Amino acid sequence: MSTHINAPQGAIAKNILLPGDPLRAKFIAENFLENPKLYNEVRGMLGFTGTYKGVPISVQGTGMGQPSLSIYVTELFKDYGVENAIRVGTCGAIQEDLELRDTIIVNSACSDSSLLNQRFENLHFAPTADFSLVKTADRIAQDMKIRYSVGSVASSDFFYDINSNWKTWAKYGVKGIEMESAELFTLAAQYKRRAMAIMTVSDHILKGTQTTAQERQTSFTNMMSLALQTIVEINR
């Protein structure tokens, strides 16, 4: 057991999906995994383990923001030996060619977070997804014939961006704003694990459109199926 995950050794698979919303973790477990077992509910941050097409997979809620994700992912990597981690989350689009419910396969993440500054001081680290995971997800997304693109997101500490920093990110081709991926990629580099993120566009900052809370929790199934099949493929 660790401080924030109340699971015995062996209860968590080496492959894991990481939604921010613990109720999305519950939805994935109940609708995609075979024989899901609840292994954590400390602070309401639900975690489950089951199988998908015969492959053991866990799904763990991480909460909102990089500090929250950092707690859970550090414990998953350090205490439970997780090897492959895919964030399944939402983002606000900042490019005109994106639409609501589009899927983004994230290959890198910018950030304004002080977490990077505290680690690297005056150095600049580039949080990057594992190429083998991105390559596999890209091929599977093509086979699924879904609307998707591959590119970078910005992991911001601000949900309500009082300085409109998203405009700067947009000028440099960043596809969307979210709050967690940069820390996930950084921890994967630190612990020498594989990680990536798959986003669904839940709102469009440029166009002023958005999905409902219920849709964000239960209807973004393309990214869920893509992430799960990616795990299956890399375990063959």
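Modeller: By class, the lining of the largest pocket has 10 nonpolar, 12 polar and 8 charged residues (Ala, Val, Leu, Ile, Met, Phe, Trp, Tyr, Cys and Pro count as nonpolar, Asp, Glu, Lys and Arg as charged, and the others, Gly among them, as polar). This is a predicted model, where local features need pLDDT of at least 70 and side-chain atom pairs count only at pLDDT 80 or more, while totals for chains, interfaces and linings use all residues. Residues are numbered from 1 along each chain as its sequence is written, and side-chain values use heavy atoms, with hydrogens and water left out.

The lining comprises 30 residues, and Thr90, Phe159, Ser202, Asp203 and Arg216 lie nearest the centre of the pocket. Here a pocket is an open set of points on a 1 Å grid over the protein atoms alone, where a 1.4 Å probe fits, with protein on both sides within 12 Å along at least five of seven lines; lining residues have an atom within 4 Å of a point. Strand S5 (84-93) is among the elements giving two or more residues, along with helix H5 (166-171), strand S8 (176-178), strand S9 (194-204), strand S10 (209-210) and helix H7 (213-218). The largest share, 5 residues, comes from S5. Helices (H or I, at least four residues) and strands (E, at least two) are DSSP runs, numbered from the N terminus.

The volume of this largest pocket is about 780 Å³, taken as the space filled by probe spheres set on the points, which are joined across faces, edges and corners. For the second largest pocket, the volume is about 180 Å³.
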